[in-house]
Amino acid sequence: MRGDGYALLATLLRSEPDNHLLDTLAVALHDGTEFGTAIGELAAAAAVHPQDAVAEEFHTLFIGIGESELKPYASYYLTGFMYEKPLARLRAALADLGVAKSDETVEPEDHIAALCETMCALIMGQFGAPMPIADQKAFFDTHIRPWATLFFQDLEKTPSASFYRPVGTVGRLFMQIESQSFEMAA
């Protein structure tokens, strides 16, 4: 389930969702927990936002004309600049795992979607065997925990976010759950 959570966030933050994904999200099961309520809000948003409006919102938030509203990169959140030391440290960690950036990928590896994809791969064993929890925790603590919750909080309160506001809530709560779970496992 943790891998699926990371995969969902990666999919929603890598590119705008298509109609199939929006239709799937619109019927997502949820419960009365805080996280379940956030999933319910995301489902409700998916049910009422047409794909073209979500695509426009995605471009406004993450791509922009000239500059996006949010910069979903670890380097930016941790240093205020792109392509800084957090990205270099991440590239070294990925190299240690035998992972290299695809030639087709234009975003740097410290993009929140890429980090969520990496965590999913570590959990699901897509780089070989599933990574031990202690190693997952070390990767999370180094490359995600210091900034991802702040990014998701910003996404929740960005004025032009409508569909993506509940994505921010889901992401923030998911990161909190991950942090608490890793602490309990330690």
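What pLDDT does the protein chain average, and what share of the residues score at least 70? The model is predicted, and its protein chain averages a pLDDT of 95, with 99% of the residues scoring at least 70. Confidence in the protein chain is highest in helix 9 (residues 148-157), at 98, and lowest in helix 10 (residues 164-185), at a mean of 95.

**Helix packing**

Two packed helices are described by the angle between their axes and the distance between the axes. The table gives these values for two pairs.

| Helix pair | Axis angle | Axis distance |
|---|---|---|
| Helix 2 (residues 19-26) and helix 3 (residues 34-48) | roughly 135° | within 7 Å |
| Helix 1 (residues 2-14) and helix 10 | about 145° | 11 Å |

Helix 2 and helix 3 are therefore oblique to each other, and the crossing of this pair is left-handed. On the helix 2 side, the contact is made by Leu 22, Leu 25 and Ala 26; helix 3 contributes Leu 42, Ala 43, Ala 46 and Ala 47. By class, the residues of this contact are seven nonpolar, no polar and no charged.

The crossing of helix 1 and helix 10 is left-handed. Helix 1 supplies Arg 2, Gly 5, Tyr 6, Leu 9, Leu 12 and Leu 13. These meet Tyr 164, Val 167, Val 170, Gly 171, Phe 174, Met 175, Glu 178 and Phe 182 in helix 10. The contact of helix 1 with helix 10 divides into 10 nonpolar, two polar and two charged residues.

**Salt bridges**

Side chains of opposite charge can pair when their charged atoms come close. The structure holds 10 salt bridges. One of the pairs joined by a salt bridge is Lys 137 with Asp 141, at 2.5 Å from N to O. Lys 137 and Asp 141 both lie in helix 8 (residues 133-143). Because these residues are four apart in that helix, about one helical turn separates Lys 137 from Asp 141.

Technical notes:
Residues numbered from 1 in each chain as written. Predicted model: local features only at pLDDT ≥ 70, side-chain atom pairs only at ≥ 80, totals over all residues. Heavy atoms only, no water. Axes fitted to C-alpha atoms, helices over the stretch in contact; angles between N-to-C directions. Helix = DSSP H or I, 4+ residues; strand = E, 2+ residues; numbered from the N terminus. Parallel < 35°, antiparallel > 145°, perpendicular 65-115°, else oblique. Left-handed = near helix turned anticlockwise from the far one by under 90°. Contact = heavy atoms within 4.5 Å. Nonpolar A, V, L, I, M, F, W, Y, C, P; charged D, E, K, R; others polar. pLDDT = per-residue confidence, 0-100. Salt bridge = Lys/Arg side-chain N within 4 Å of Asp/Glu carboxyl O.
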